[in-house]
Amino acid sequence: MSVLIDKFDVFAGGFWLTLQICVLAAIGALILGAVVAVLRISPVPPLRAVGTAYVNIFRNMPLTVVMFFAAFGLPALGSNADFLRIPGLDVVFRRLSTDLPYFRFALIALVLYTAAFVCEALRSGVNAVPAGQAEAARSLGLTFGQNLRYVVLPQSWKASVVPLGSVIIAMIKNSALVGFFGVVGDLSQTADQLTSAEGYAFIPVAIGISIGYLIMTVPLGALLDRIEKRQAVAR
Amino acid sequence: MDDVTTGEPLIVLDGVNKWFGPLHVLDDVSLSVGRGEVVVVIGPSGSGKSTLCRTINRLEPISSGTITFDGQPLPAEGKALAKLRSEVGMVFQSFNLFAHKTILENVTLGPVKVRKEKPAAARERGLALLDRVGIANQADKYPAQLSGGQQQRAAIARALAMQPKAMLFDEPTSALDPEMVGEVLDVMTSLARDGMTMVVVTHEMGFARHAANRVIFMADGQLVEDAPPTEFFANPRSERAKDFLSKILTH
């Protein structure tokens with residue numbers, strides 16, 4: 001087990017990179033997912049169709065295939081995803097600006113894939129608000145916008161936050177794939193590096209990276225439980 | 001309760017038809033409700049009485065015919081419709097209180113956001129209304145913490161807070177435990193006494209008898225009878241009404 005101490009800096013570096021890609025992917029997926037959700041509940045049929053098509057494609061395709069498309073499809077189209085070299089953001093997330101584009105490709109795949117699930121979590125929240133409340137708001141004379149803002153969204157958010165959290169936890173675990181698509185130095189690729197290149201025994205290394213993922217996912221899960229309990233009281 | 005109506009009627013439905021797909025739920029319904037009048041709508045389930053009630057503030061758009069409120073035809077969707085709805089209070093079978101807001105916040109949301117009243121003033125009037133319906137001590141609780149009867153009284157206070165010209169009641173006591181029906185009907189009766197124009201869809205025949213100016217009997221989407229309650233309950237003219245009354249009054 002000495003590898004955990006001897007190579008602590010390697011594990012810590014892997015943890016830090018995985019955390020970075022997860023934070024960026026979560027932000028991207030929440031934004032894109034919200035846009036797709038608005039499309040899907042829009043009263044305009046063509047917009048609804050676009051939203052539905054998006055969810056059907058990305059929710060039903062294996063993440064590995066999405067990663068393949070991002071890592072091999074984008075270069076084939078001549079893109080290095082340079083639009084992700086966002087000034088300011090790349091001070092903290094330095095991998096955004098490296099010449100090797102694989103961090104950006106993996107990020108795109110993770111965002112596209114996760115956004116479909118974010119959309120559905122948000123939509124299930126809107127559907128959880130009883131239609132009668134929206135009707136009561138209309139009968140008081142609230143406009144469509146006021147109805148959403150004061151009655152529907154505050155409640156749909158509460159119903160969305162727990163499923164959203166589950167989506168993000170799944171995304172953190174899914175991020176273990178990025179190491180197989182050219183990203184060097186995240187938690188899962190660290191394991192590969194330490195075992196096959198440097199000859200450390202597999203089980204201690206696996207325990208080390210497991211701890212790394214659990215440090216991210218367990219507190220998030222505990223936070224969700226707390227939010228859920230607080231809501232149960234308010235209900 | 002005589003001679004309450006003055007001037008031109010407040011609500012006029014003229015030749016109103018409504019289809020749900022192939023189902024003809026409102027069949028050429030014409031009806032006028034005077035200011036201060038209390039009209040109780042009864043009939044078997046599926047007769048279209050709830051739909052009739054919901055067309056008056058256009059929660060249910062109609063297929064043909066006209067509805068005028070206070071001399072104006074009902075506007076289509078948009079700001080004008082929102083304004084009209086703010087002048088017509090509505091009370092639902094399932095209360096439909098906003099679950100994330102306290103009782104007082106439920107009552108003040110409309111006045112503050114729709115009427116742009118000052119929160120302090122809306123709050124003061126809201127508390128007075130809650131006092132009037134007998135639940136002032138529940139003002140800071142959430143809807144789920146109240147009994148059904150209290151929730152429905154809060155819903156009535158919420159509608160009254162907009163100072164509506166008329167109130168619509170869509171089976172307000174049907175979802176209540178029997179012992180809570182009375183407290184809601186008491187509030188409605190006192191509203192009727194104070195001269196509120198009311199359209200009430202209900203199965204409470206006692207309320208129809210003592211609080212209504214007119215009883216409307218509906219069946220199969222048609223308005224079958226329209227008579228003062230004493231006359232209707234003593235001498236229903238149509239077979240449908242006789243049949244309906246015999247079924248509900250024998251128990």
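Colleague: What makes up the accessible surface of chain A?

Modeller: In this predicted model, the accessible surface of chain A comes to about 11900 Å², and 70% of that belongs to carbon and sulfur atoms.

Colleague: Thanks! And how many of the residues of chain A count as buried?

Modeller: Of its 235 residues, 44% do. The cut-off behind that word is a relative accessible area under 20%.

Colleague: Which elements build chain A, helices or strands?

Modeller: Chain A has 10 helices and zero strands, and its pattern along the sequence reads α-α-α-α-α-α-α-α-α-α. Its C-alpha atoms fill a box of roughly 70 × 45 × 35 Å along the principal axes. Taking contacts between residues at least 6 apart in sequence, 74% join residues at least 24 apart.

Colleague: What about charge: how many positive and negative side chains does chain A have?

Modeller: There are 17 positive and 12 negative side chains in chain A, and the centres of the two sets lie 14 Å apart.

Colleague: Why is A:A176 called partly exposed?

Modeller: A:A176 has a relative accessible area of 21%. Buried means under 20% and exposed means over 50%, so a value in between is called partly exposed. That is why partly exposed is the word for A:A176, at 21%.

Colleague: Where does A:A176 sit, and what does it touch?

Modeller: A:A176 lies in the loop between helix 8 (144-174) and helix 9 of chain A. Leaving aside residues up to four places away in sequence, A:A176 touches A:D186, A:S188 and A:Y213. A contact here means heavy atoms within 4.5 Å.

Colleague: Which residues of helix 9 of chain A are buried?

Modeller: In helix 9 (residues 187-197) of chain A, the buried ones are A:L187, A:S188, A:Q189, A:T190, A:A191, A:L194 and A:T195. Just after this helix, A:G199 takes a positive phi of about 80 degrees.

Colleague: Let's turn to chain B. Why is one side of strand 2 and of strand 5 left without a neighbour in the sheet?

Modeller: The open sheet of four strands in chain B has the order 2-1-4-5, with antiparallel pairing. Strand 2 (23-33) and strand 5 (72-73) of chain B stand at the edges with a single partner strand each, so one side of each has no neighbour in the sheet.

Colleague: How do you know that strand 4 and strand 5 of chain B pair?

Modeller: Two strands pair if there are at least two bridges between them. Strand 4 (residues 64-69) and strand 5 of chain B are joined by two bridges and run antiparallel, which meets the cut-off of at least two. Across from B:F69 stands B:Q72 in strand 5 of chain B.

Colleague: What makes strand 8 of chain B mostly covered?

Modeller: Five of the five residues in strand 8 (residues 197-201) of chain B are buried. B:T197, B:V199 and B:V201 point one way, while B:M198 and B:V200 point the other way.

Colleague: Which strands run parallel to strand 8 of chain B?

Modeller: Strand 3 (residues 38-42) of chain B is joined to strand 8 by four bridges, with B:V38 opposite B:M198. Strand 7 (residues 166-170) of chain B pairs with strand 8 in the parallel sense over five bridges. From strand 7, the chain crosses through helix 6 (residues 178-193) of chain B to strand 8 in a right-handed β-α-β crossover.

Technical notes
Residues numbered from 1 in each chain as written. Chains lettered and ligands numbered in written order. Heavy atoms only, no water. Buried < 20%, exposed > 50% of the residue type's maximum accessible area, 1.4 Å probe, protein only. Areas by Shrake-Rupley, 256 points an atom, 1.4 Å probe, with all protein chains shown as cover. Lys, Arg positive; Asp, Glu negative; His and termini not counted. Charge placed at Lys NZ, Arg CZ, Asp CG, Glu CD. Right-handed = clockwise from strand over helix to strand, strands pointing away.
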